[in-house]
Amino acid sequence: VNHLKKYFPIKGGLLSQTLAEGVGLEEALKEKGDRFNSRGVWFQGAYPIRSGWNGRMEAEMVARQHGVRRLLEAGHREIMVSGINLRQYHAEGFNFWGLLRRLNRELMPEWESRARLRLSSLEPAQLDAEGLETLESCRLLCPHLHLSLQSGSPAVLRRMGREHYSPDSILDAVRRLRTFWPVFGLGADILMGFPGESEAETRETLDMVERLPLTYAHVFPWSS
């Protein structure tokens with residue numbers, strides 16, 4: 001954890017650029033009397049689509065498209081699409097990326113340039129070809145991702161049971177992201193001191209942190 005402090009010296013909450021360039025959205029919404037707190041930050045609504053830690057659980061839709069629309073009509077201008085184990089989501093014939101494309105398609109005509117969707121934490125394995133194509137095509141999405149990275153060491157990821165992605169696959173996905181999001185926010189969860197982690201494996205994680213264009217990181221020490 002101390003090693004990573006030099007990369008992320010700023011304490012506090014997430015720092016993000018919440019308004020798209022050239023839109024002037026904050027001023028426009030203030031004129032319309034939309035919801036801002038005392039510091040001028042727009043209110044964020046939540047759209048939970050999956051709950052439970054067991055990846056084999058039935059996915060349960062908590063809110064459908066009309067639920068998102070109700071949040072927008074109530075004054076929320078940023079909706080976070082959130083859940084646990086989003087990689088396992090499947091309901092009504094849609095996986096997670098299919099659901100996101102559907103939301104974008106149905107809300108775009110009325111809400112483009114007026115509101116946007118933000119994704120909560122994603123598994124790195126979700127940044128496959130379909131995921132990247134969806135991120136590129138969904139114009140309601142704000143350019144920000146938070147990845148459950150955990151480690152930059154392939155051996156540590158295998159011991160964690162996270163062999164479904166690799167550091168190289170993450171770096172490749174980020175290179176692809178840069179082709180359609182020239183400026184974007186990138187956060188990551190990083191776990192240090194996993195049982196049996198060697199100095200060399202720790203160095204692999206630090207090297208990956210240096211290579212990724214991270215905006216911030218949530219860094220945790222291992223605890224049993």
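S6 and S7 (residues 185-192) pair in the parallel sense over five bridges; strands pair if DSSP finds at least two bridges between them, and strands (E, at least two residues) and helices (H or I, at least four) are DSSP runs numbered from the N terminus. The model is predicted: local features need pLDDT of at least 70, side-chain atom pairs count only at pLDDT 80 or more, and totals for chains, interfaces and linings use all residues. Residues are numbered from 1 along each chain as its sequence is written, and side-chain values use heavy atoms, without hydrogens and water.

The open sheet has three strands in the order S6-S7-S8, with parallel pairing. Its edge strands, S6 (144-150) and S8 (216-221), each pair on one side only.

Helix H7 (residues 167-180) has several buried residues, among them Pro167, Ile170 and Phe180; buried means under 20% relative accessible area, exposed over 50% and partly exposed in between (1.4 Å probe, protein chains only). The buried residues of H7 pack against elements including S6, S7 and helix H8 (199-211), where contact means heavy atoms within 4.5 Å.

Four aromatic pairs are present; rings of Phe, Tyr and Trp (its six-membered ring) pair if their centres lie within 6.5 Å, with planes under 30 degrees apart stacked, over 60 edge-to-face and the rest tilted. Phe194 and Trp222 pair edge-to-face, at 5.1 Å centre to centre and 75 degrees between the planes. Phe194 lies in the loop between S7 and H8 and Trp222 in the segment after S8, so the pair ties together parts that are 28 residues apart in sequence.

| Residue | Relative accessible area | Class |
|---|---|---|
| Phe194 | 14% | buried |
| Trp222 | 38% | partly exposed |
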